[in-house]
Amino acid sequence: MALLHFGWFLGAGFGVQGWGDPTYGVGYDWKQPPIYQDAARAFEGAGFDLFIIEDGVAVPDTYGGSAEVNLAAARFVPKHDPLPLVPYLLGATSRLGVVPTLSASFYEPFTAARLLSTLQHFAGGRLGFNVVTSGSDLAAQNYGLDKQVEHDLRYDRADEWVEVVRKLWRSWEPDAIVEDVAGGVFADYRKVHTIDHEGRFFRVRGPLNTAPAAEDPVMVQAGASGRGRDFAGKNSDVVLALASTPERMREYRDSIREVAVQHGRPADAVKVLFVVQPILTANAEETASVRAARAELTQAAIDEQLQSISYLTGVDFKTFDLDAPLPEITTNSNRGTLDNFVSSAPAGSTLREILQTRAKKDGLAIIGTADEVADHLGELGEAVGGDGFLFTGQVHPANVHRTLDPLVPALRRRGLLRTELGDGGLRQNLADF
């Protein structure tokens, strides 16, 4: 078995951690930095490359036309902005990559370039940024739009957005700051340039007015549709991916690598990390019990799944009959997410059958003892061809430790997880293997 890259994807974002756990609220406040700092230190100690923090900018009310389910379950809301959390995480660690999410749909390129450049100075090369195109109409309405722009057009705009951000980062030559005290020159004006960008979506003069960072922050993206894969393969350093079988994982990774080559990049310039949820058990009996409980399709489980897919796709699944074949559905939001959901069961399946199939497959979950989960991850990594995995789950302390404490030693015994991170920054750690 070969070394794999590992990280943690906080899919709940900077939001409520541990709601529903028996230890919720004991000794911590989810709105304050300490639990996130503690988690970051645990990830760094485990040898994880990066910590990605999801974000969203709306209170979901797609499911049934109400925010009741989301607010009652603290699902997707409340959620705080992850960017102010970044310096706290950087201060608590020295080698871990920290990756907040920001939207190319709502951050102007100059604002994003300036903000990320500033944070990269704090990070010393450990910053990443997860770019999303924000498919939600609810989010668009918070920024003065009636609805989100068309799916592929959002990616066209995002392509130009990345181009402008990178131009701004290069508007200062690396040696522009000379600090010549005797000559009275701090920066050489001949090495600071306007970018004079005139494009389809943006008009930006430049130059950036922040000092240049030694290297660009690492770009993360999660394109799943055909257009999304093209964007990710063209621009990203890391792709955050969802797939439920080794075959789908390999197909997805191969497609991203092919796109990278088509855009003149080396195939291995992009690391594809698949999101998984390890659920650790003590023995076979507990494993069977956990699987049975998770496969039980209660009304609460139905509501949870349908609420989530409604929010992510912008389609109100409460309007469909659970016991009728699901009709053909299209969306202007997250098309890859919708496709993955619908294709979970054979064509013509009812909505209930899709949910039952997903419950039996258990989605992203890998359930078993530490040795069983480690073996499965090793087998998956070998079948897919690399590059690694992102564990997902809340960073409530109990969840972090009941996952990492038994699993990290098991992964290291198999040679899958590095013993420590290097000190060359996130980009270098990703390039190590």
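Predicted model: local features only at pLDDT ≥ 70, side-chain atom pairs only at ≥ 80, totals over all residues.
Q: What makes up domain 1 and domain 2?
A: Domain 1 takes in 5-168, 197-278 and 365-430, while domain 2 is 288-360. Their centres, taken over C-alpha atoms, are 24 Å apart.

Q: How much area do domain 1 and domain 2 bury between them?
A: About 2,000 Å² is buried, with 53% of it on carbon and sulfur atoms. On the domain 1 side, T62, Y63 and I367 supply 34% of the area buried against domain 2, more than any other three residues.

Q: How many salt bridges and how many residue pairs in polar contact are there between domain 1 and domain 2?
A: The salt bridge count is zero, whereas eleven residue pairs are in polar contact across the interface.

Q: Why is T281 called buried?
A: Buried means under 20% relative accessible area; T281 has 9%, so T281 is buried. You can find T281 in the loop between β13 (271-280) and α9 (284-295).

Q: What makes the pairing of the T281 and T287 side chains a polar contact?
A: The cut-off for such a pair of N or O atoms is within 3.5 Å, and these two side chains come to 2.6 Å. The T281 side chain also reaches the backbone nitrogen of T369, at 3.4 Å.

Definitions and conventions: Residues numbered from 1 in each chain as written. Heavy atoms only, no water. Helix = DSSP H or I, 4+ residues; strand = E, 2+ residues; numbered from the N terminus. Buried < 20%, exposed > 50% of the residue type's maximum accessible area, 1.4 Å probe, protein only. Polar contact = N/O pair within 3.5 Å; in protein donor to acceptor, adjacent residues only side chain to side chain. Domains from an automatic or database assignment. Buried area = accessible area lost by both parts, 1.4 Å probe. Salt bridge = Lys/Arg side-chain N within 4 Å of Asp/Glu carboxyl O.
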